[in-house]
Structure formats: structure tokens, C-alpha cells
Amino acid sequence: MKKLFTLIGTVLLSMSVNAQSETTLGMEAFSIKPGETKTVTLNLHNPDFVVSGFSCGLLLPEGLDVAKKKNGKYNIVFNEDAERYDDHSISTSLHPDGTVTMVVMSNSAANFYETEGAILDIPIVAAADASGVMEIKITKQDIVDSKGTQVKAADVVVPVNVTAIKEVNATETVNGDGKYIKNGQIIIKKGNKEYNAVGGIMK
């Protein structure tokens, strides 16, 4: 009988671990242009695990970064469309290994709503000289429920395609509207005016 109870306990534990192992953070593959800032979403998939908080890291390749506010902090915010959060807060920092670390928690141990969808909006910035296929890695996933039960999900690799922009000579005339590189700057042409990528009029 003792062996039977032990076997049942082992099976139930295995079922619990398997259910929790499906819980993970993720991000869709995306394309971005050199010099562009694009907001992507960090998604939480938790079909069988009620999540109260999590921590993870974003390891970005050279040429990609997370946009910052004027105060120097990362401009990572909750996704307002999904409305999955309650009284949760976001804390970010830069780890010595270059990983952007995020800790999302609730002081009241409130749970996230729903079991699938966006949690955070993260603005990714591509350098003006970035190009090619890159990878962002979601690392060190530690997902918890309100009782402190932890799920340590595997790393997730997110492909990023940085599309090239044509480079033109300083004296070259570009016909029509478009985006290109001139004198090392990302230029947007509209009508007969040229603007740099941050909005200043080029003379």
C-alpha cells in the first residue's frame, strides 16, 4: 500500500511539473530597419499555472538595444490593450553581462488575468549601421504564483531581421519619397524636404 501511495504521488508530481513546464515567456519574431525604434510585446503563456509575478532577462546582440527614458531607465511598460496586469509593477536594470533584467511583481500577490497574451511593451532600437539576421534571447525565466511556487522556463530565442537601407552620396538626388542613409544619418524624404530619423529638418 505504501508503494502504491508513493507511485500515485510520483505520477501526480510528474503531471504538475509537466503542466507548469508549458508556462513560458515569449516574443514573436520581427523585422526592424536600421535607425528605427519598434515596440514589441513580451507574451506570457500560462495555460495551467496561475502567475503572480516573474523575472527574466533580455540578451540583445550588438546593434540592438532597449530604448530608455530621459531619466536613463528602460522604457518598458505594461501592454494596455491586453490589460492582463493588476497592481503589478516593473523594475528593470542592466546586468554586468549585458542582459536587460526585468522583475514584474505585485505587492498584494495579485495574479495576472487570462492565460495567454501580451504582458509588456518593449521598444527595441536598431543602430544606424545594424544589418542582417540577429537573435534576442529571453533568459533566466523565473515565473511564480501567489504561493511562491516557481517555474524556471527554458531560454527562448527570438529571430530579428534587420533590413538594409540604401546608402546614397551626399550630392546624390533621390527621386520620390523614401528612407536612406546620407552622411551617416538615417534620412526620410517627403516631397522636396529631407528629415533625419529623429525629426530635424536637414539643410
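This note walks through a core, a central strand and a loop residue.

1. This is a predicted model: local features need pLDDT of at least 70, side-chain atom pairs count only at pLDDT 80 or more, and totals for chains, interfaces and linings use all residues. Residues are numbered from 1 along each chain as its sequence is written, and side-chain values use heavy atoms, leaving out hydrogens and water.

2. Start with the largest nonpolar core, which has 36 residues. Such a core is a set of buried Ala, Val, Leu, Ile, Met, Phe, Trp, Tyr and Cys residues joined through side-chain atoms within 4.5 Å. Buried means under 20% relative accessible area, exposed over 50%, partly exposed in between (1.4 Å probe, protein chains only). Strand β9 (116-126) gives the largest share, 5 residues. Strands are DSSP runs of E, at least two residues, numbered from the N terminus.

3. Phe54 is among the residues with the most contacts inside the core. Beyond four places in sequence, Phe54 touches residues including Leu25, Leu42, Met102 and Leu120. Contact means heavy atoms within 4.5 Å.

4. Why is β9 largely enclosed by the rest of the structure? Because 9 of its 11 residues are buried.

5. β9 pairs antiparallel with β3 over 9 bridges and with β5 over 3 bridges. Two strands pair if DSSP finds at least two bridges between them. Thr37 has Val125 as its bridge partner. Leu64 stands opposite Ala126.

6. Pro47 sits in the loop between β3 (37-45) and β4 (53-59). Pro47 is partly exposed, at 32% relative accessible area. Beyond four places in sequence, Pro47 contacts Glu22 and Thr115.

Key. Helices (H or I, at least four residues) and strands (E, at least two) are DSSP runs, numbered from the N terminus.
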